[in-house]
Amino acid sequence: MKQRINYSLALIALIAIISATIAITFIFYGQFQAQVKKDLKQNAALLMETDVFQNAYADKSEISTVLSDISSETFRITWIDSDGTVLFDDEKNASGLSNHLDRPEIQQALKTGEGEITRHSDTFDLNTYYYALLLDNGTVLRVSSELITIFSVLVSALPVIAIISALILFGCVLIGHLLTKQLLLPIKEMADNLDDSQTISTYKELEPFVNKIRMQHENILAAAKIRQDFTANVSHELKTPITAISGYCELIENRLIDPESEVHIIRQIHRNTDNLLSLITDIIQLSELDHHELPRTFEDIDLYETAKECIENQQAYAAKYHITLTCTGESAHIHADKGLIREMIDNLVQNAIKYNKENGSVAVSVTLTDDHPTLCVKDTGIGISPENQERIFERFYRVDKSRSRQTGGTGLGLAIVKHIAQIHSAEISLESAIGKGTSISVLF
């Protein structure tokens with residue numbers, strides 16, 4: 001990144017130097033051209049006022065003598081008769097010069113009183129500026145001056161431009177290095193001290209970026225801790241039934257039990273095997289729910305009809321614990337994955353049955369709350385204390401651990417309910433009182 005910034009600054013500086021040089025050269029060359037033309041006009045007017053060109057048949061040596069005091073090496077003087085004959089030239093012998101009547105500046109002067117033109121010489125790479133002035137006696141006085149072309153100016157200035165460019169580029173690279181170092185310093189500090197927000201001093205413009213990175217970092221750490229805790233809990237939960245099964249099998253293998261106890265031992269092995277299978281099934285399902293990118297089959301379903309189907313399937317399970325299971329409500333349509341909704345209802349109902357009282361009841365209802373379908377599962381169970389209510393949706397969290405072991409609970413049922421609700425953008429609310437029961441509502 002630093003190199004890219006330095007290269008960009010150097011390139012910008014180089015382009016700026018070249019552009020500025022070309023622009024300034026054109027501006028000043030144009031001004032210089034205008035000044036040269038203005039000087040030629042002024043010199044022509046001064047020469048006309050000397051009256052030395054009034055007599056076309058005057059002694060040319062006398063003209064040279066008169067002009068020796070005012071002539072300049074910066075411009076050339078040519079005196080042309082009305083028929084184009086060169087009467088005088090301060091640089092060449094007039095008799096050796098060709099007729100100038102065909103020259104555009106001469107023709108223009110004869111017609112309008114003055115004429116001017118610029119001629120370019122490819123041989124010497126020069127521009128010659130001509131200004132012709134018609135005199136009162138019908139002759140034409142022409143002054144001219146040579147000036148190198150703008151390209152020649154640029155070429156001659158190249159060494160100086162190169163030196164200045166090198167110095168400016170060096171300065172830009174140095175300044176760019178210092179600026180990028182200063183600019184990236186807060187980011188480096190953030191990378192070194194991401195957990196300590198007090199040590200990070202950043203620019204105001206970088207604060208949203210820094211806050212976003214810090215939030216993502218905290219989320220990653222939190223997710224890592226959750227995964228670590230989940231792995232530890234899984235290991236512990238799997239170890240319990242496996243250890244029990246292994247112990248019972250060892251008793252049978254070593255024939256340390258009497259025949260009357262075999263049925264009890266086999267029943268315990270079967271119960272722990274069921275618990276192990278339930279735990280593995282819930283872990284796999286929870287892992288699948290964590291992957292939100294997995295395809296879901298969303299469709300329009302009637303929440304009330306789905307709840308009734310689940311209640312019918314759970315009647316036998318409720319009867320096992322002598323629990324009365326009912327379902328009431330009205331038709332309420334939602335766009336959802338029917339399989340996941342059934343799993344949610346089953347988990348809520350089973351949880352309400354497991355933690356209920358003898359001859360208790362579980363009431364499932366489906367209503368519309370401000371046009372939002374709401375599923376409510378209410379039981380007459382043992383209830384949940386206020387300090388436990390915020391944690392019951394955590395993985396492997398059990399309010400009554402001994403009761404959960406006896407009923408075969410995995411501690412993942414409500415965690416699965418929470419994930420399914422999140423997938424459907426639903427909100428979960430809970431009301432509970434010790435000894436009076438619990439009511440869990442899901443608002444879609």
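**Close-up views of a predicted model**

View 1. The pairing of strand 1 (residues 76-80) with strand 5 is antiparallel and extends over five bridges. Strand 4 (residues 126-134) also runs antiparallel to strand 5, and nine bridges join these two strands; Y129 stands opposite S145 of strand 5. Five residues lie between strand 4 and strand 5 in their hairpin, where G138 takes a positive phi near 90°. Strand 5 (residues 140-148) is largely enclosed by the rest of the structure, because seven of its nine residues are buried.

**View 2. S95 in its loop.** The residue S95 is found in the loop that lies between strand 2 (86-89) and helix 3 (104-112). With a relative accessibility of 64%, S95 counts as exposed, since the cut-off for that class is over 50%. Although S95 and T85 are 10 residues apart in sequence, their C-alpha atoms are 8.8 Å apart in space.

**View 3. The crossing of helix 6 and helix 11.** The axis of helix 6 (residues 259-290) comes within 10 Å of the axis of helix 11 (residues 413-423), and the two cross at roughly 25°. Helix 6 and helix 11 are therefore roughly parallel to each other, as angles under 35 degrees are counted in that way. The crossing in which helix 6 passes helix 11 is left-handed. On the side of helix 6 the contact involves D282, Q285, L286, L289 and D290, which meet A415, I416, H419, I420 and I423 of helix 11. Divided by class, the residues of this contact between helix 6 and helix 11 are six nonpolar, two polar and two charged.

**View 4. The crossing of helix 7 and helix 8.** Helix 7 (residues 303-320) and helix 8 (residues 338-354) have axes that come within 9 Å and cross at roughly 40°. That angle makes helix 7 oblique to helix 8, and helix 7 passes helix 8 in a right-handed crossing. Among the residues that make the contact are L303, T306, A307, C310, I311 and Y317 of helix 7, together with I341, R342, I345, V349 and I353 of helix 8.

View 5. Five strands form an open sheet in the order 7-9-10-12-11, and their pairing is mixed. Strand 7 (324-329) and strand 11 (427-433) are the edge strands, each of which pairs on one side only, while the twist from one strand to the next averages 15°. Within this sheet, strand 9 (residues 361-369) runs antiparallel to strand 10 (residues 372-379), to which eight bridges join it, and V362 stands opposite D379 of strand 10. Helix 8 lies across strand 7, strand 9, strand 10 and strand 12 (437-443), and the direction of helix 8 is at about 25° to strand 10.

**View 6. The chain as the setting for the close-ups.** The chain holds 11 helices and 12 strands, and buried residues make up 36% of its 444 residues. Of the contacts in the chain between residues at least 6 apart in sequence, 61% join residues that are at least 24 apart.

Terms used:
Residues are numbered from 1 along each chain as its sequence is written. This is a predicted model: local features need pLDDT of at least 70, side-chain atom pairs count only at pLDDT 80 or more; totals for chains, interfaces and linings use all residues. Side-chain values use heavy atoms; hydrogens and water are left out. Buried means under 20% relative accessible area, exposed over 50%, partly exposed in between (1.4 Å probe, protein chains only). Helices (H or I, at least four residues) and strands (E, at least two) are DSSP runs, numbered from the N terminus. Two strands pair if DSSP finds at least two bridges between them. Axes are lines fitted to C-alpha atoms, for helices over the stretch in contact, and angles run from 0 to 180 degrees between N-to-C directions. Angles under 35 degrees count as roughly parallel, over 145 as roughly antiparallel, 65 to 115 as roughly perpendicular and the rest as oblique. A crossing is left-handed if the near helix is turned anticlockwise from the far one by less than a right angle, and right-handed if clockwise. Contact means heavy atoms within 4.5 Å. Ala, Val, Leu, Ile, Met, Phe, Trp, Tyr, Cys and Pro count as nonpolar, Asp, Glu, Lys and Arg as charged, and the others, Gly among them, as polar.
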